[in-house]
Every structure is written in C-alpha cells, then in structure tokens.
2 protein chains.
Amino acid sequence: MKRDSRLSRMLHVLVHMERHEGSATSEAIAKMLGTNPVVVRRTMAGLREHGYVTSVKGPGGGWTLARPLDAISLGDIHRALDSPPIFALAAAVDHAGCLVEQAVNATLKAAFDEAERTLLARLDGVSLGDIARDHARRARRKPPRGKG
Amino acid sequence: MKRDSRLSRMLHVLVHMERHEGSATSEAIAKMLGTNPVVVRRTMAGLREHGYVTSVKGPGGGWTLARPLDAISLGDIHRALDSPPIFALAAAVDHAGCLVEQAVNATLKAAFDEAERTLLARLDGVSLGDIARDHARRARRKPPRGKG
DNA sequence: GCATATTGCAACTATCGTTGTTACGATATG
DNA sequence: CATATCGTAACAACGATAGTTGCAATATGC
C-alpha cells in the first residue's frame, strides 16, 4: 500500500522554517518537498489548527512558525495530522463471532498496542529542536554548499 | 490505506486446522474467513514454501498442518508471508541531499526501528499453541454451539 | 479412459487512502 | 484594479491487498 509520508514531510518543513526569516510560501515549501503547493496547504492546515504555524494570504503572505521548535514534539505533529494509522497490518474482522478469531485478535492487539506505545513514547520524547541540533551537527561535519 | 490482514487470517486458519482432522479444502477455509478460495491459496502458498502446511491436489485433497502449533511462532508466519511492511508511515525520500531531511529521517528511523523490534520480539515470543490455549479458555467460558 | 474434485496460477477488476493536479473563489497588497 | 497568495472542492493517479474469473494440472474412483 502507498505509505503516508506526511509526518516526515512536516518535520522537514518545520525545521527549515526556523532557519527561514519571515514567511515561506506554499510554493517555496512545495519545491523543498518535491511536491505541489496544494498538497502543502492541505497537509499544513492541520498544523495551523493546532497552533504550530500560521498562514497569511495575499502578496508577501505564506507560512510562519508559531512556536519555538523546542516546544513542539514529534508526537505533537503526529496528533496535529489527526493521528493517522501507524500500522499497515490489521486484524481481520470477526465474521462469525468465532472464538478462534477473537483469541487471535486479542493476541495481535496486545502486541500492536505495545509497539504503538513504544513508538508514541519515543515521538513524544523528541522535539523538533532536537532534530534541528542534530542537523546542525551534520552541517558542521559536511557543510551544505558553504552556507552551514 | 487498505490494511494487510493476511497475518491475522493465517493465524486464524492454522489454529482451526489443528482441530480439523484430515485436510481442509481452500473452499472450506475461504468460508471460515469470509473470502474466496483463490485468496486462500495465494496467501497460504507462502506458508507451504516454509513448511508450515502442505497441500494435496485432487479429490479428498486440501491443506494440512505440517507442524505442531507449539513449534510455530507468530513471527514465523509473518516471515512466511514475506515480512510485509509493518508501518503505514514512511519517511519521505530525500530529494536534494538535504541535511535537514536526513536528520529528520534518521530520528524517525530510530523510533520506527525500536517499535519494530518491540513488535517482532513479541511476535516471536508467542506461539500458535499459546493462541490455541487462549482459545480453549475462552471456549470453556462461553461454549460455541455446544461443541466445546 | 473418463468424469470429477481439487490445487496452481495468470490476469483482471475493486477498493481504499495518500498524493498529485486543475480550477476557482477569497483576501490582502500596492 | 492587477496581482500574489491561501482555501477548498473535485477529480485523476498510484500502489498494495483483496476479490473474481478462467483454465491448466493432477489425483481419485469408477
């Protein structure tokens, strides 16, 4: 199945926005992500609703970061995207009240719930500021076109 | 996105097969799962290649369990299905060698890898026999049509 | 041998969610 | 009033599983 790259893309954008004085247009962001301005607006709408970014219409408008990166966790962005399903694997629906199916699904659910808790705890424990600092370390080691 | 229910379905089938003297036809299995015999053959082909079941053509043929349930873990079945992607969330591809993107993806990869290890360890730690025993407990509490 | 039950498999369609695109309206700037 | 920009609806493209049809291969039993 086609996989959901919105979380990854939004983290990418937000870290860039901090380094970007003023606002960035949907078109500029789209170029950064290799996609289309409409996709950018659509995806960032959720972040705006949750107060992580603001958008301004008209000439000179665009998107601005509304909070310091250290105040935003990866889990925050996941939730701002409406907590899309994490797993590609699903339990089959129980067609006939079959007790075997129920035993299977109970076991699988426990396993997936544990993995989900592990993942979400980790996403909540990392902030965008952490990623920005990791980026800064990488840039020092391997300066990007002399701008680092 | 449409989610993959093959693991869940295969576990269901295998637990049933132990209680089934002799072989079960694709058609009978399909009825159990509320699907089509071709889907059953297609999915169970992987299990056959790994030696968990055997299939016999012709009248009186069908599918048979090739090992005791206690000798098969949930992780074994996941691998027999060719280890399909576990997560619906993906990292965006790095278009421009962007160091920000790389920092984002490294962080996400670490988080997803940890969650994956958690899940796989759990799937490897549970056998189909465990599920069968859980089923037996459920059946004692709530007998299905008097067959126990 | 022949009718039949059954698996094996190729090829196609259906489905579902993200992604990509087009089009148009709303709004702010100058 | 021209223009830049977001907002949103509507729809096509894509990718993976799931479902379906059709037919060949094979084993059984008469």
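This briefing walks through a predicted two-chain model, from the overall arrangement down to single residues.

Being a predicted model, it uses local features only at pLDDT of at least 70 and side-chain atom pairs only at pLDDT 80 or more, while totals for chains, interfaces and linings use all residues. Residues are numbered from 1 along each chain as its sequence is written, and chains are lettered from A and ligands numbered from 1 in the order in which they are written.

**How the two chains relate**

- Two copies of a chain are related by a rotation about an axis and a shift along it.
- Two residues are in contact if their C-beta atoms, placed from the backbone, lie within 7 Å.

- Helices here are DSSP runs (H or I, at least four residues), numbered from the N terminus.
- Ala, Val, Leu, Ile, Met, Phe, Trp, Tyr, Cys and Pro count as nonpolar, Asp, Glu, Lys and Arg as charged, and the others, Gly among them, as polar.

**The nonpolar core**

- In soluble globular proteins, nonpolar side chains tend to be buried together.
- The largest nonpolar core has 78 residues. Such a core is a set of buried Ala, Val, Leu, Ile, Met, Phe, Trp, Tyr and Cys residues joined through C-beta atoms within 7 Å.
- A residue is buried if 20 or more other C-beta atoms lie within 10 Å of its own, exposed if 12 or fewer, and partly exposed in between.
- The residues with the most contacts inside that core are A:Leu11, A:Ile77, B:Leu11, B:Leu14 and B:Ile77.
- B:Ile77 touches B:Leu7, B:Met10, B:Leu11, B:Leu47 and B:Ile72, leaving out residues up to four places away in sequence.

**Helix α1 against α6 in chain B**

- α1 (residues 6-19) and α6 (residues 128-141) of chain B pack at an angle of about 70°, with their axes 10 Å apart. Axes are lines fitted to C-alpha atoms over the stretch in contact, and angles run from 0 to 180 degrees between N-to-C directions.
- α1(B) and α6(B) are therefore roughly perpendicular, a label that covers 65 to 115 degrees (under 35 is roughly parallel, over 145 roughly antiparallel, and the rest oblique).
- B:Leu11, B:Leu14, B:Val15 and B:Glu18 make the contact from α1(B), and B:Leu128, B:Ile131, B:Ala132 and B:His135 from α6(B).
- The residues of this helix contact divide into 6 nonpolar, 1 polar and 1 charged.

**Buried residues to look up**

- B:Met17 sits in helix α1 of chain B and is buried, with 22 other C-beta atoms within 10 Å.
- Beyond four places in sequence, B:Met17 is in contact with B:Ala24, B:Trp63 and B:Leu65.
- A:Ala80 is in helix α4 (residues 74-80) of chain A and counts as buried, with 23 C-beta neighbours inside 10 Å.
- A:Ala80 touches A:Gly46, A:Leu47, A:His50 and A:Tyr52, again not counting residues up to four places away.

**The α4–α5 loop of chain B**

- Most residues other than glycine have a negative phi.
- B:Asp82, found in this loop, has a positive phi, near 80°.
- B:Ser83 is in the loop too, with a positive phi near 45°.
- B:Asp82 is exposed, with 10 other C-beta atoms within 10 Å, and B:Ser83 is exposed with 10 as well.
- B:Ala88 also lies between α4 and α5, but counts as partly exposed, with 19 C-beta neighbours inside 10 Å.

Definitions and conventions:
Helices (H or I, at least four residues) and strands (E, at least two) are DSSP runs, numbered from the N terminus.
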